[in-house]
Amino acid sequence: VWYHKPVINEELLQSLPNLKVVASSGVGIDHLDLKLLSSYGVKVANTPFIISNDTADMAMALLLASSRRLVEGHEMAVSPDTEYFPADWLGDEVSGQTLGIVGMGTIGYKVAERAKAFEMKILYHNRNQRKKEEESAVGAVYCKKIDDLLQQSDFVLLVVNLTPQTHKLIGKRELELMKPTAHLINISRGLVLDQDALVEALQNKVIKAAALDVTYPEPLPRDHPLLKLKNVIITPHIGSATKKTRWVMMEEMAESIEAGLAGLPIPREVL
């Protein structure tokens with residue numbers, strides 16, 4: 001399965017009675033009905049670890065691009081209408097600011113490691129608190145309540161799996177808790193965020209800016225209001241899109257398929 005295709009539904013499963021394993025690229029499995037697959041005796045594998053570094057790099061790239069208004073700056077620099085660079089064209093500092101990470105799994109923790117190098121203060125909200133030594137290594141402070149993280153953070157990063165519990169986790173209420181100077185970065189799944197509420201928050205300056213590697217749908221309709229806002233950066237779901245990582249993802253999927261067909265334990269099986 002690549003980019004959620006083909007769709008694995010009951011019709012497909014019935015047409016493939018000898019199917020033994022489904023290997024899906026990336027870490028997200030929200031597009032797969034695990035109970036349905038299990039009822040047909042089909043095992044599932046993904047590639048959760050190889051993507052972590054690239055996706056963490058992407059998070060920092062979006063954070064920096066949003067804070068320093070890189071896309072707007074590029075457009076100004078190359079515009080045929082530009083005659084001078086305004087002296088009052090300013091971005092926001094990153095060093096010393098507070099980063100709130102919603103979802104401190106493997107990727108979230110790698111972002112924290114990178115943010116520490118920028119001397120950022122790190123808050124995180126997670127289902128489970130990390131070990132004290134892991135927190136100390138990156139200087140992270142646990143927020144049991146997401147509201148506390150939202151109210152204190154200059155940058156809020158969403159890096160959770162899409163589940164029924166995280167569906168539209170960030171909506172109108174949560175956006176209004178954030179600072180009016182805050183930037184929101186989403187590298188998880190589009191549906192973790194209420195896009196209509198985000199449009200309203202950006203238009204009304206409830207928050208300052210957003211940087212999104214994921215949306216719903218992908219790509220957005222060409223007349224979507226998010227595409228018309230200057231304080232939004234949108235990239236085409238490229239968190240893991242480097243040559244080396246995509247190559248290894250393919251290798252890992254092939255390994256899982258071969259093991260499944262041979263009746264051996266499947267590397268990176270999703271249980």
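Leaving aside neighbours within four places in sequence, His 224 is in contact (heavy atoms within 4.5 Å) with Gln 195 and Val 199. The model is predicted, so local features need pLDDT of at least 70 and side-chain atom pairs pLDDT 80 or more, while totals for chains, interfaces and linings use all residues. Residues are numbered from 1 along each chain as its sequence is written, and side-chain values use heavy atoms, leaving out hydrogens and water.

You will find His 224 in the loop between strand 8 and strand 9; strands are DSSP runs of E with at least two residues, helices are runs of H or I with at least four, and both are numbered from the N terminus. His 224 counts as buried because its relative accessibility is 12%, where buried means under 20% relative accessible area with a 1.4 Å probe, protein chains only. A polar atom of the His 224 side chain lies 3.0 Å from the backbone nitrogen of Leu 226.

Now let us turn to the annotated spans. UniProt, in an unreviewed entry, lists residues 60-239 as "domain: D-isomer specific 2-hydroxyacid dehydrogenase NAD-binding"; the positions follow the numbering used here, feature names are shortened, and annotations may be inferred rather than shown by experiment. Residues 60-239 are 32% helix and 16% strand, with end C-alpha atoms 11 Å apart.

Notes
Buried < 20%, exposed > 50% of the residue type's maximum accessible area, 1.4 Å probe, protein only. Polar contact = N/O pair within 3.5 Å; in protein donor to acceptor, adjacent residues only side chain to side chain.
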